[in-house]
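Hi,

Here is the structure I promised to pass on. Have a look at it first, and then read my notes below.

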Amino acid sequence: MPDTPLLEVKDLQTWFPIRRGLLQRVSGHVKAVDGVSFMLRKGETLGLVGESGCGKTTVGRTLLRLIEPTGGRILFEGRDVLRMAGEELRLLRRRMQIIFQDPGGSLNPRMRVGRIVGEPLEVHGVAKGEELREMVERLLERCGLWAAAADRYPHEFSGGQRQRIGIARALALKPSLIVCDEPTSALDVSIQSQILNLLKDLQDEFQLSYLFISHDMAVIHHICDRVAVMYDGKIVEEGSRDEIIQRPRHPYTQRLLAAVPEADPRRPRQRARLEGARM
């Protein structure tokens, strides 16, 4: 695996103002992300894991500048993402895409699937007309659907199929980085494994890098090369997948691992207690 970082995040901060009173003056801030640093190599999957509300989704959306950060630096292939604007930023968005958690809510119910998947190609001037139709059909088929699905609406598909549509849309512009924001958490367990296997196959085929956001350590163990554990807006532990799963150092990581369901109900469980935590 190449050592050159595709993405470097340095001391990232994303704070949201707390406004009070009649004049809505700022009285403080919610520090959703507070000093997060990590790097992601080409072709690698980095798992960002933590409970709901720890700030991991905010990290993912800030990287894509769907949310503007308060401070820090984001370097993509050595270029400062936060200094980009206009055409330069528009071109960057072709290289960085996102798969959302809710496959139904992320798809416009009034648009046919062909238009949903083809819209990025149209907006960026990649294809139009019959060429656009052919590219959309190939994307759908590569993601486990069928070409005729392009003429149907999102509500006509199951949750797993809708997530395949979302993956096809994210793949359309041939990005280098995809932020996977809990892409399997809303799906049945049997469908989760299918989607995870699809993501791994696509990564090998297209040399993709994933920032895989999840609260599920079992899913993280299945798909990630390295893991960063996030708690209360900060990364508290980072290492290879095996290091984090087999030899967790931080009490919060131990709690996350203790929460993974055990297949044998007779097997004793070890519950780690996180002293002084605001849970």
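Four strands make up an open sheet, in the order β2-β1-β4-β5, with antiparallel pairing. Two strands count as paired if DSSP finds at least two bridges between them. Helices (H or I, at least four residues) and strands (E, at least two) are DSSP runs, numbered from the N terminus. At the edges of this sheet are β2 (25–41) and β5 (79–80), each pairing on one side only. Strand β4 (residues 71–76) is joined to β5 by two bridges, in the antiparallel sense, and F76 stands opposite R79 in β5. Helix α1 (residues 56–63) packs on this sheet and touches β1 (5–20), β2 and β4. The direction of α1 makes about 115° with that of β1. Contact here means heavy atoms within 4.5 Å. For the angles, axes are lines fitted to C-alpha atoms (for helices over the stretch in contact), and values run from 0 to 180 degrees between N-to-C directions.

Before going further, a word on the source: this is a predicted model, in which local features need pLDDT of at least 70 and side-chain atom pairs count only at pLDDT 80 or more, while totals for chains, interfaces and linings use all residues. Residues are numbered from 1 along each chain as its sequence is written, and side-chain values use heavy atoms, with hydrogens and water left out.

Now the other sheet. Six strands form it, open again, in the order β6-β7-β8-β3-β9-β10, and the pairing is mixed. Its edge strands are β6 (96–99) and β10, each of which pairs on one side only. Neighbouring strands in this sheet are turned by 20° against each other on average, direction ignored.

Buried means under 20% relative accessible area, exposed over 50%, and partly exposed in between (1.4 Å probe, protein chains only). Both faces of β9 are covered, with R226, A228 and M230 on one side and V227, V229 and Y231 on the other. Strand β3 (residues 45–49) runs parallel to β9 and is joined to it by four bridges, with G47 opposite V227. Strand β10 (residues 234–240) runs antiparallel to β9, with six bridges between the two, and there the bridge partner of V227 is G239. β9 and β10 form a hairpin with two residues between them, and D232 in the turn has a positive phi of about 55°.

E237 sits in strand β10 and is buried, with a relative accessible area of 3%. A polar atom of the E237 side chain lies 2.9 Å from the backbone nitrogen of R249. Not counting residues up to four places away in sequence, E237 touches several others, including V227, V229, R247 and H250.

What about the cores? A nonpolar core is a set of buried Ala, Val, Leu, Ile, Met, Phe, Trp, Tyr and Cys residues joined through side-chain atoms within 4.5 Å. The largest has 48 residues, of which V117, L140, I165, I167, L199, L202 and F212 touch the most other members. Leaving aside neighbours within four places in sequence, L202 is in contact with residues that include R142, C143, I167 and Y210. A second, separate core of 28 residues includes V33, L40, L48 and L211.

Finally, T184 is in the loop between β7 and α6 (189–206) and is buried, at 4% relative accessibility. Its contacts, leaving aside neighbours within four places in sequence, are Q192, I195, L196 and V219.

Cheers

Methods
Polar contact = N/O pair within 3.5 Å; in protein donor to acceptor, adjacent residues only side chain to side chain.
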